[in-house]
Amino acid sequence: MKRLEYIYVDTESRIPKYKQVMDSIINSIHKGSLGMGEKIPSINEVSEEYLLSRDTVEKAYGLLKEQNIIISVKGKGYYIAKTDLTVKAKVLFLINKLSTYKMRIFNSFVNSLDANTHVDLDIYHCEPLVFSNILDNKKNLYDYYVIMPHFKNENLQHMGCTDDILKAIHAIPNGKLIIMDRNLKSLSKEAGRVYQDFTEDIYNALTEGLEKLSKYKKVILVYPNKGVYPYPKGIVTGFKRFCIQHDMDYEILDEIYDSMELQLGDLYIIIEESDLVNLVKQSRDRHYKLGEDIGIISYNDTPLKELLGITVISTDFKKMGEEAAKMIVDNKRVEIKNDFNFIDRHSV
């Protein structure tokens, strides 16, 4: 097959020439004449072969690039990047960790999209280098990039976005970018956002439950200061502000230790599920009744916590996924502060 044999232009047709070039390449992909990674003629070659203006061919190739059907490699040319043309859009959903609540967001997101939208899930484990490598290897391959930007430093502590991280994110066209769970204010308004405000969220949620919380003598936040998947420091900031403003005695622990000095009238705010299990077990061993002898509030709701009657402070994970998907379906980028609530059950 000659290199230009699969491009056909009818000079007598009223169909615009740029669309004929596009349709020729798309039809060749459908027929199997062009495969994944195959090089196609340059703009100059098509222009000279069919006596078309360069602008006409550039428009055709530009639209094919927008649909991620072809990609351009600097200094090398154009290549076929997608052969499954039944897929309306391809989305890369990039998260920092696998967890029950992250998967609730992901499932809600996927279930809210059109059936012919393809979504790939990738995990970077809070590692900046892994994150940058994923984006570098997968640039120009997707129509949308949905990213949850949470990272850790060498001391296993939650950190902000470094210049290298921001550079990797800024390389994504704003119209293709949706940031979830955390707000990056340096991005253009053309990028979508569905985020939590960790400092304000915990402060407002605890304030919502103040009437019930005020019966406790001491409030203890169990915040893992170091971990494989660290948590935003804004949680601690908001917690301290709440306790100081309402004149409540408080303490911050790294974890629930074995043989804790549990005292009547203590209220625990737990982030890690392993700490929650340990605390509930120790409370039962001492025959303490949750909600009366001691209180427990867990961070981030799960179906199991609902079943066990554990009070939680939590964002609405289902809504977060739905709002991100809506931006893709409606082709609109907006900034949304996600709901965060105090859900009263039986443990306070």
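Residues are numbered from 1 along each chain as its sequence is written. Because the model is predicted, local features need pLDDT of at least 70 and side-chain atom pairs count only at pLDDT 80 or more, while totals for chains, interfaces and linings use all residues; side-chain values use heavy atoms, with hydrogens and water left out.

We can begin with strand β10 (residues 192-196); strands (E, at least two residues) and helices (H or I, at least four) are DSSP runs numbered from the N terminus. 5 of the 5 residues of β10 are buried, so the strand is largely enclosed by the rest of the structure. Here buried means under 20% relative accessible area and exposed over 50%, with partly exposed in between (1.4 Å probe, protein chains only). G192, V194 and Q196 point one way, and R193 and Y195 the other. Strands pair if DSSP finds at least two bridges between them. β10 pairs in the parallel sense with β9 (residues 177-182) over 5 bridges, and G192 is the bridge partner of I178. A parallel pairing over 3 bridges also joins β10 to β16 (residues 335-337), where V194 stands opposite I336.

Turning to the loop between α3 (54-66) and β2 (70-73), one finds N68, which is buried at a relative accessible area of 2%. Beyond its neighbours within four places in sequence, N68 is in contact (heavy atoms within 4.5 Å) with residues including A81, N140, Y142, D143 and K176.

Helix α5 (residues 128-137) has P128, F131, S132, I134 and L135 buried. These residues cover an arc of only 160° around the axis, which puts them on the same side of α5; the arc is that of the directions from the helix axis to the C-beta atoms. Exposed L129 and N137 lie on the face turned away from the buried side. Among the elements covering the buried residues are β4 (89-95), β5 (117-123) and α6 (163-170).

Aromatic rings of Phe, Tyr and Trp (its six-membered ring) pair if their centres lie within 6.5 Å, with planes under 30 degrees apart counted as stacked, over 60 as edge-to-face and the rest as tilted. By this rule the count comes to 10 aromatic pairs. F131 and F151 form an edge-to-face pair, 5.0 Å centre to centre with 85° between the planes. F131 lies in α5 and F151 in β7, so the pair ties together parts that are 20 residues apart in sequence. Both F131 and F151 are buried.
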